Amino acid sequence: MVDRETYFVDVLVPLPLASYFTYRVPFKFNEIVAIGKRVVVQFGSKKLYAGIIVNIHQRIPNQSNVKYILDILDNEPIVTNLQLRFWKWLSEYYMAHEGEVMNAALPTALKLASESKLLLNPDCDIPQAQLTDKEFLIVQALELNHIITLTEVSEIVEQKKVMPIVKTLIEKGFVIPEEDIIEKYRPKTEAYIRLSDLYKQESKLEEISKELEKRAFKQLELLLAYLKYTNFFSGKPQEISKSKLIKESGISQSILTSLVKKGIFEIYEKNQSRLKKFTSSKSVENLILSEKQKESLRLINSFFETKDVCLLHGITGSGKTEIYIKLIEEQVKMGKQVLYLVPEIALTAQIINRLKEYFGDELGFYHSKYGNNERVEVWQNLILNSSKSYKIIIGARSSIFLPFSDLGLVIIDEEHDASYKQYDPSPRYYARDSALVLAKFHNAKCLLGSATPSLESYHKALKGDYGFVELKERYSKVSLPEILIVDTVEAFRKKEMKSHFSVFLLEHIKEALDNNEQIILFQNRRGFSLRIVCDSCQWTPECNHCDVTLTYHKKLGKLKCHYCGSSKEVPTMCPNCGSHKLSMKGFGTEKIEEELPLFFPEAIVKRMDLDTTRNKNSYIQIINDFQDRKIDILVGTQMVSKGLDFENVGLVGVMNADNMLYYPDFRAYERSFQQLTQVSGRSGRKNKRGKVIIQTSQPYHSVIRDVIDNNYKSMYNSQMEERVNYKYPPFYRIIKISLKHKDYSLLNEVAGKFADLLRPKLGTRVLGPEYPMVSRIRNLYIKNILIKFEIKASHKAVKDIINDAINKIHEKKEYRSVYINPDVDPM
Ligand code: ADP
Ligand code: ZN
Ligand code: ZN
């Protein structure tokens with residue numbers, strides 16, 4: 001760039017705003033501005049933000065006082081052009097602001113902003129019950145949004161002076177304040193030792209050695225050790241860290257300090273990676289595929305000659321992972337990158353263990369429970385795009401945001417899984433579909449894998465949009481498990497139910513334990529008991545802030561709301577009628593965990609659900625303990641069902657299949673089939689057929705029958721018929737618009753007006769507004785409008801209509817406080 005020319009940059013700021021903002025480049029930065037670098041800009045009257053340069057140009061903006069950019073934070077761009085295009089696509093498709101996409105994409109430690117803000121104190125378990133109402137509102141907003149500004153606090157509590165409330169929250173240690181532009185990422189450094197320049201001359205070195213020999217023999221010893229371990233006389237000495245030198249030489253720290261004081265040694269700091277390095281021990285060539293696996297691999301590759309996407313429908317235990325390994329190896333050999341997506345963080349750990357044996361340090365991983373600094377280092381590793389950059393990333397949904405430079409293949413394992421969808425906050429993206437688009441941007445191939453594909457993907461495969469490969473045999477011909485049904489109504493009548501266990505299930509658990517086999521018990525609800533109910537008037541405690549009943553958690557000794565996290569004391573008396581007869585209805589994982597020792601006092605029982613896996617490493621611990629057979633019976637929610645591969649599970653028990661089937665959602669049957677098939681797939685050993693016992697009051701339900709017969713096709717056909725008839729995906733697209741406000745009647749008014757704005761153009765495609773099943777969460781009432789439109793219709797046109805309506809509503813000042821959140825392709 002020519003030195004004295006005037007340049008402008010368009011900057012994307014991390015705010016939910018519709019446009020870029022133009023700033024002028026000071027001459028001194030002319031040489032270093034570049035797209036993808038972070039800049040510090042002033043926004044509004046005082047606030048500073050780190051934004052990203054998305055354009056550089058010389059068009060003079062027609063606003064009056066264009067501000068200068070204040071600083072450029074990066075030496076090299078931290079975001080690629082391709083990523084910026086991808087963000088734009090995400091923002092348009094999922095109806096989110098680009099600033100929101102940027103917020104979701106960048107690792108927290110790369111984001112910065114000034115202005116006083118509040119954060120929840122991560123080390124404090126906030127006693128919700130002790131908060132005042134206003135404090136509660138603030139804490140709630142923080143749980144929802146992670147960070148809020150003081151201005152936002154004042155809006156939330158509806159008063160100007162907020163410092164007194166904020167101060168008490170800070171004093172109690174519940175929240176922490178943040179100020180100024182801070183670089184949150186801190187490289188980890190380590191002290192290194194080198195010889196100072198003077199003593200690099202051999203004559204000087206000799207001189208000082210002689211001197212030390214006479215007066216300070218230990219110091220000489222250390223100097224010699226340094227020369228030895230760094231290979232000093234080779235001409236190309238290696239670097240050595242202080243700790244290593246001390247350890248290897250066995251000489252104390254104080255001797256080293258003396259040498260530094262004398263100016264013989266110098267200490268310097270070097271950045272260290274926090275990332276785990278793996279070493280490979282196996283070669284992919286020695287991984288021998290079965291004939292069926294080979295055939296599948298061959299088919300996938302031949303589909304990839306003409307198609308971008310291929311669906312691999314391989315039953316549980318068919319060895320899909322090994323096929324992936326072969327495909328990954330081919331890409332790595334060509335110098336391409338691979339993204340391997342898994343739906344659950346718990347799964348990344350197991351897959352990494354399997355893949356590191358083959359790919360060693362070419363393998364990196366990324367997910368939201370990984371530390372902030374570590375995530376920045378993965379990002380930096382990839383953006384460097386050097387020979388040391390990772391070739392393979394295994395990660396959960398957020399890894400689609402990483403700065404890949406040359407993807408050759410994207411693998412989406414368990415492609416049917418709903419965890420690929422982000423619900424809140426915006427962008428409400430669907431990582432599976434977004435990854436397909438990302439692959440397109442890179443001209444990469446995409447492999448979808450599942451034992452229970454989504455109807456959407458299966459439909460596309462049958463139509464020929466995707467390549468389609470079926471693998472119907474388990475590796476080494478192990479049979480699928482035998483599935484047995486217990487009719488709970490009948491068992492109850494015959495008095496063959498002991499609490500939540502049928503006698504039949506208990507007998508099989510005993511048999512498995514006697515055979516030294518492990519057992520998984522599946523219950524898709526966590527907690528101890530669903531709820532407390534008054535025997536005489538049916539009263540049941542509800543959350544003060546949400547429209548839901550509370551769940552009893554025994555370990556906490558409290559009632560807890562699964563929507564907002566607040567808790568209450570357990571009542572001893574019904575406040576409605578005064579009766580003391582309160583009983584527990586329903587049951588969750590915790591209850592099962594507690595009852596098991598009554599039947600099997602010797603067995604070691606552990607539970608895996610959201611409550612027991614909050615800590616960073618607890619889920620890995622549970623999985624490892626189960627793998628090492630330190631646990632006999634594992635009780636869990638769907639977390640235990642997803643793709644995990646255990647060797648010694650002889651029995652899987654489904655405690656109650658009914659609550660899945662009755663879930664009011666058009667995907668309930670598809671989901672039930674998927675969950676039951678997946679959890680059943682955990683049963684079976686290398687040399688022995690596994691057993692599954694499903695307890696249900698609906699033994700003849702079509703979904704249960706399809707699961708027993710392992711008949712995906714039958715489930716698919718009957719469900720597709722429903723989907724056509726009732727206008728659901730994959731035949732129609734859905735956009736769900738949620739409107740939220742704490743004032744019930746204002747919400748009703750706005751929701752009605754909003755629907756009226758849509759109807760003239762969209763007609764009967766507009767459904768609602770309606771209250772959802774849970775119609776109030778965190779003190780906000782909710783009303784939903786559903787737009788269902790033909791798959792062939794232009795979704796751009798539909799989105800334009802929705803956006804116009806949102807703008808119209810927001811023209812009216814009183815309506816602006818109503819949240820209007822579109823969710824495209826809701827799950
Ligand atoms: P899927 O992911 O399809 O459910 P996995 O890839 O977990 O199945 O394979 C099931 C089991 O069979 C695993 O323990 C795996 O190690 C083993 N396996 C599959 N293919 C091979 C192979 N070619 N060689 C050795 N073991 C294999
Ligand atoms: Zn009562
Ligand atoms: Zn609640």
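In the predicted model, the donors of the zinc ion (ligand 2) are spaced along the chain as C-x2-C-x36-C-x2-C. The coordinating atoms are the SG atoms of Cys534, Cys537, Cys574 and Cys577, at 2.3 Å. The arrangement is tetrahedral because the angles subtended by the four donor atoms at the zinc ion (ligand 2) run from 106 to 114°, and four donors count as tetrahedral if all angles lie between 85 and 135 degrees. Ideal angles for four tetrahedral donors at a metal are 109.5 degrees. Cysteine 574 is buried, with a relative accessible area of 0%, whereas cysteine 577 is partly exposed, at 39%.

Helix H6 (residues 202–215) packs with helix H7 (residues 217–229) at an angle of about 140°, and their axes lie 6 Å apart. The two helices, H6 and H7, are therefore oblique to each other. On the H6 side the contact involves Leu205, Ile208, Ser209, Leu212, Glu213 and Arg215, which meet Phe217, Gln219, Leu220, Leu223 and Leu227 of H7. Of the residues in this contact, seven are nonpolar, two polar and two charged.

Asparagine 231 is located in the loop between H7 and strand S10 (240–241). Although asparagine 231 is not a glycine, its phi is positive, about 60°, and its relative accessible area of 41% makes it partly exposed. Asparagine 385, in the loop between helix H13 (372–384) and strand S15 (392–395), has a positive phi of about 50° and is partly exposed, with a relative accessible area of 48%.

Serine 426 and proline 427 are joined by a cis peptide bond with omega of about 0°; proline 427 lies in the loop between strand S16 (407–413) and helix H14 (431–441). A cis peptide bond also joins glycine 768 to proline 769, with omega of about 10°, and proline 769 lies in strand S33 (residues 766–770).

Key:
Residues numbered from 1 in each chain as written. Chains lettered and ligands numbered in written order. Predicted model: local features only at pLDDT ≥ 70, side-chain atom pairs only at ≥ 80, totals over all residues. Heavy atoms only, no water. Donors = N, O, S within 2.8 Å, 3.2 Å for Na, K, Ca; no water. Tetrahedral: all angles 85-135°; square planar, octahedral: opposite > 155°, others 65-115°. Buried < 20%, exposed > 50% of the residue type's maximum accessible area, 1.4 Å probe, protein only. Axes fitted to C-alpha atoms, helices over the stretch in contact; angles between N-to-C directions. Helix = DSSP H or I, 4+ residues; strand = E, 2+ residues; numbered from the N terminus. Parallel < 35°, antiparallel > 145°, perpendicular 65-115°, else oblique. Contact = heavy atoms within 4.5 Å. Nonpolar A, V, L, I, M, F, W, Y, C, P; charged D, E, K, R; others polar.
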